[in-house]
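Take a walk through this fold, one contact at a time.

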Amino acid sequence: MKTFDQLIITTGFLASASPAMADEEPEADSGRPNILFILSDDHTSQAWGIYGGILSEYVKNENIRRLAAEGCVLDNCFCTNSISVPSRAAIMTGAYSHHNGVYTLEDRLDPALDNIAKRMQEGGYQTALFGKWHLKTQPSGFDTFSGFSHDQGEYWDPLFKTAEGWIDDDKGKSGKVEKGFSTDLVTDKTIRWIRSRDKDRPFMMCCHFKATHEPWDFPERLKHIYDGVTFPEPANMMEFGPEESGRTFPGQPLEDMARRWGIASKDPDSWWCKYPELPFSIEGMDKEDARRKNLSEVDSRLLALRSGHR
């Protein structure tokens with residue numbers, strides 16, 4: 001992570017993007033903040049290392065810890081919609097799903113809707129987006145964008161597409177393959193754009209990572225980052241039913257991950273994504289040892305991905 005003047009990480013409403021500003025002539029940058037919005041995907045708060053928990057001392061992410069120490073940490077947060085695509089639509093539009101029309105993974109965001117990028121443009125900001133978009137239609141309100149083509153994108157050698165030759169995700173694929181690991185590619189695009197921008201105007205940059213979404217892949221340099229580490233077990237590690245906790249909703253038990261990895265190990269092409277580090281098996285293990293193996297795999301992969309956010 002690079003340090004930039006007037007760096008702000010934000011999640012929504014900004015005073016500098018108020019409707020009143022749209023009626024005013026955009027001014028040269030007079031101290032208005034630059035905005036770097038970093039969005040990662042599908043991680044638990046324990047994987048950040050700044051929210052406590054038994055894994056907090058295992059996460060290797062000095063830059064995120066620095067941002068927390070020098071900025072602010074939100075301890076009481078609420079989510080408009082926690083589902084992947086609808087969540088992104090809510091972040092961009094600031095509207096509930098029944099207003100922006102994006103309810104499910106299959107829905108598309110109407111480019112004609114108002115959004116934060118359009119408001120920032122009206123206020124004189126430069127706007128750019130790199131990485132995961134996942135809203136099917138072409139991003140609107142951005143001067144520059146380069147997003148993963150079609151749905152989730154890939155961890156390795158992803159297909160990026162821009163306004164040139166754009167095809168909506170539900171209509172087909174377009175774009176250009178770029179060699180490398182997706183987190184590195186998105187980070188490098190972000191840094192290059194910020195360095196080459198118009199320094200006389202403020203900017204809003206949206207840096208959207210695929211990580212830590214399934215299949216939890218990681219760059220080669222992090223492959224051995226947790227070799228020899230034994231992760232602590234949560235207090236309810238060996239709860240296999242509601243008898244102790246009283247919980248009635250089963251959630252997604254670790255055994256479900258073993259099932260996924262097992263299917264993909266036997267026939268990688270039969271599963272929707274490509275998992276790293278296969279084959280995986282808990283065959284012949286008792287249920288406690290099997291659960292411990294599952295936990296170790298999940299922790300090491302997610303924490304390696306979290307450590308990869310520079």
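Phenylalanine 130 stands opposite serine 146 of strand E3. The model is a predicted one. Strand E2 covers residues 126–131, and strand E3 covers residues 144–148. The two run parallel, joined by four bridges.

Now widen the view to the sheet. Strands of a sheet pair through backbone hydrogen bonds, in either a parallel or an antiparallel way. Here six strands make an open sheet with mixed pairing. Their order is E1-E6-E2-E3-E4-E5. Strand E1 (35–39) and strand E5 (176–177) are the edge strands, and each pairs on one side only.

E6 sits between E1 and E2 in that order. Five bridges join E6 to E1, and this pair runs parallel. Isoleucine 35 has methionine 204 of E6 as its bridge partner. E2 and E6 also run parallel, with six bridges between them. There, glutamine 126 has phenylalanine 203 of E6 as its bridge partner.

How many residues of E6 are buried? Six of the six are, so the strand is largely enclosed by the rest of the structure. Phe203, Met205 and Cys207 point one way from E6. Met204, Cys206 and His208 point the other way. Both sets are buried.

Next, the rings. A pair of aromatic rings is described by the distance of the centres and the angle of the planes. The whole structure holds twelve aromatic pairs. One of them joins tryptophan 216 and tyrosine 275. Their ring centres are 6.1 Å apart and their planes lie at 25°. Stacked planes are those under 30 degrees apart, so this pair is stacked.

Where do the two partners lie in the chain? Tryptophan 216 is in the loop between strand E6 (203–208) and helix H6 (254–266). Tyrosine 275 is in the loop between H6 and helix H7 (287–307). The pair therefore ties together parts that are 59 residues apart in sequence.

Are these two residues buried or exposed? Tryptophan 216 is buried, at a relative accessible area of 14%. Tyrosine 275 is buried too, at 8% relative accessibility. Both belong to one aromatic cluster, formed by Trp216, Trp261, Tyr275 and Phe280.

Charged groups also meet rings. Lysine 293 lies over the face of phenylalanine 280, at 4.9 Å from the ring centre. Phenylalanine 280 is itself in the aromatic cluster. The charged end of arginine 291 sits over the ring of phenylalanine 240, 4.1 Å from its centre.

Methods. Residues are numbered from 1 along each chain as its sequence is written. This is a predicted model: local features need pLDDT of at least 70, side-chain atom pairs count only at pLDDT 80 or more; totals for chains, interfaces and linings use all residues. Side-chain values use heavy atoms; hydrogens and water are left out. Two strands pair if DSSP finds at least two bridges between them. Rings of Phe, Tyr and Trp (its six-membered ring) pair if their centres lie within 6.5 Å; planes under 30 degrees apart count as stacked, over 60 as edge-to-face and the rest as tilted. Buried means under 20% relative accessible area, exposed over 50%, partly exposed in between (1.4 Å probe, protein chains only). A charge sits over a ring if NZ of Lys or CZ of Arg is within 6 Å of the ring centre and within 35 degrees of the ring normal.
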